[in-house]
Structure formats: structure tokens, C-alpha cells
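I am opening my notebook on this structure and will write down what I look up, entry by entry.

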Amino acid sequence: MIDLYTWGTPNGKKVSIALEELGLAYRVIPVDIHSNQQFAPDFLKISPNNKIPAIVDHDGPGGAPLALFESGAILTYLAEKCGQLLAAAGAERYQTLQWLMFQMGGFGPMLGQAHHFLRYAPEPVPYAQKRYHDETLRLYGVLDRQLAAHRYVAGEHYSIADIAIYPWAARHEWHHVDLADFPHVARWYAELGARPAVQRGMAVPG
């Protein structure tokens, strides 16, 4: 059994989608970040950086419990635990990890800043709005060009790279992106959105 500490954010939904795709048994433990539950001492023992998602796999390596934080590390661990969604070796593995890092280093953080300044900032900050919206459009363009040549983000096989990127793309309206401007992203987004496991994972924590 895996305990999933999560909230309704793109980073949280990455892990619930992966758990659903892999068919792993898990228990959802909501961490209400609006009520500062991420700073609770018990949660900090699992996630020292006070961020969701985090997991505790009670059947970790050697049968011992394993606590993990950081969504990219969790996705890699779960894929390797099950031998799915990430090639064991070779070029395909590194293509997947490359695009996973693209999400972790750019497509998540920059879109997160766009979310903040376009949707939540208490007062408009035009410079920041333009800066992060322009970078968001650039990143969607990178993704669109990749998907013009490949069915999935890292190639011809569905992987943790797709799972990492999808929940952020699901908020395209939040960062003022029209998917009609990125037709290959739109095709990929519709295909992933039709997957039952993606639909179930996106509904967590409910």
C-alpha cells in the first residue's frame, strides 16, 4: 500500500495519474495547502521541503517503508517499481528523463508563475504578466514541435513524461493559452484526456 499525500495541484495530480496507470493500491491523504497543513511536523518528516506530493510506500525496496517527496523522483520510482512508463535502459529511457526534466525545470515552474501573476496576484504586475506569459507560449511551442514528430512527448510510447506535463497543460486557460494555436499539443491533450486512468487521477483528491 502506498500513502499519497496530495492536494488538487498539477504536481499532485501527476502522481495520482501514475498510480492509476500502474494499478497500484494507494490511500489518499489530503494536505490542505490553503490551511498550511504542509507545515505540520508529521508531514515535514515525509516532505522536508513542505511541498506536495509525497508518498510513503509501505512495501519499498527490500520490503521496508520508503518516503519520497518531489514529483519527478516519485514518478521515476513508481515507474521503476512496476517496470512500466520508463524504459529500463537505452536512448528511450534518456529521452523520457529529458522531457521529464523539461517539465520540472520549465513547463511547471514558468507556468506556475504565469498562474500566479495572471490569476492570483493581488494587483496587476504588467512586466511579470508579460514575461511569464511569453515564456509560457515559448514552452508550448517547444512541446508542440516535439509532438508534431511524435505521438507522445518522449517518442512513440506513453511515459512518465506525458504524465508529468498533462496536468499543467490541463490549466491552459489559466495561463491564457488557446490550444488551437498549438494543434499537436491539442491532439495529444485530447488523447491523454480520454484515458480512464488519467480521468481517475485528475479527480484526486476529490
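**Entry 1: the two annotated spans**

I began with residues 1-86, whose end C-alpha atoms lie 21 Å apart and which are 36% helix and 21% strand; here helices (H or I, at least four residues) and strands (E, at least two) are DSSP runs, numbered from the N terminus. The model is a predicted one, in which local features need pLDDT of at least 70 and side-chain atom pairs count only at pLDDT 80 or more, while totals for chains, interfaces and linings use all residues. I also noted that residues are numbered from 1 along each chain as its sequence is written, and that side-chain values use heavy atoms, with hydrogens and water left out.

The UniProt record, an unreviewed entry, gives residues 1-86 the annotation "domain: GST N-terminal", and its annotation "domain: GST C-terminal" covers residues 89-206. I keep in mind that UniProt positions are given in the numbering used here, that feature names are shortened, and that annotations may be inferred rather than shown by experiment. Over residues 89-206 I read 69% helix and 0% strand, with the end C-alpha atoms 36 Å apart.

**Entry 2: the sheet**

In what order do the four strands of the open sheet lie? I found the order 2-1-3-4, with mixed pairing, where two strands pair if DSSP finds at least two bridges between them. The edge strands, each pairing on one side only, are strand 2 (26-30) and strand 4 (66-69). From one strand to the next the twist averages 15°.

Strands of a sheet pair through backbone hydrogen bonds, either parallel or antiparallel, and I looked up an example of each. Strand 1 and strand 2 are parallel and share five bridges, and Thr6 has Pro30 as its bridge partner in strand 2. Between them the chain passes through helix 1, making a right-handed β-α-β crossover (right-handed if, with the strands pointing away from the viewer, the path from the first strand over the helix to the second runs clockwise). Strand 3 (residues 54-57) and strand 4 run antiparallel and are joined by four bridges, and Ala54 is partnered by Phe69 of strand 4.

**Entry 3: helices against the sheet**

Helix 1 (residues 10-22) lies across strand 1 (2-6), strand 2 and strand 3, running at about 155° to strand 1. Helix 3 (residues 71-82) lies across strand 1, strand 3 and strand 4, at about 135° to strand 4. For these angles, axes are lines fitted to C-alpha atoms, for helices over the stretch in contact, and angles run from 0 to 180 degrees between N-to-C directions; contact means heavy atoms within 4.5 Å.

**Entry 4: helix 3 and helix 7**

At what angle do helix 3 and helix 7 (residues 160-169) pack? I noted about 145°, with their axes 10 Å apart. Leu75, Thr76 and Ala79 of helix 3 make the contact with Ile160, Ile163 and Ala164 of helix 7. These residues divide into five nonpolar, one polar and no charged, where Ala, Val, Leu, Ile, Met, Phe, Trp, Tyr, Cys and Pro count as nonpolar, Asp, Glu, Lys and Arg as charged, and the others, Gly among them, as polar.

**Entry 5: the backbone**

I found a cis peptide bond from Ile52 to Pro53, with omega near 5°, and Pro53 is in the loop between helix 2 (41-46) and strand 3. Asn50 lies in the loop between helix 2 and strand 3 and has a positive phi of about 45°, although it is not a glycine. Another cis peptide bond joins Val204 and Pro205, with omega about 10°, and Pro205 is placed in the segment after helix 9 (196-202). Leu85, in the loop between helix 3 and helix 4 (91-107), is not a glycine but has a positive phi of about 70°.
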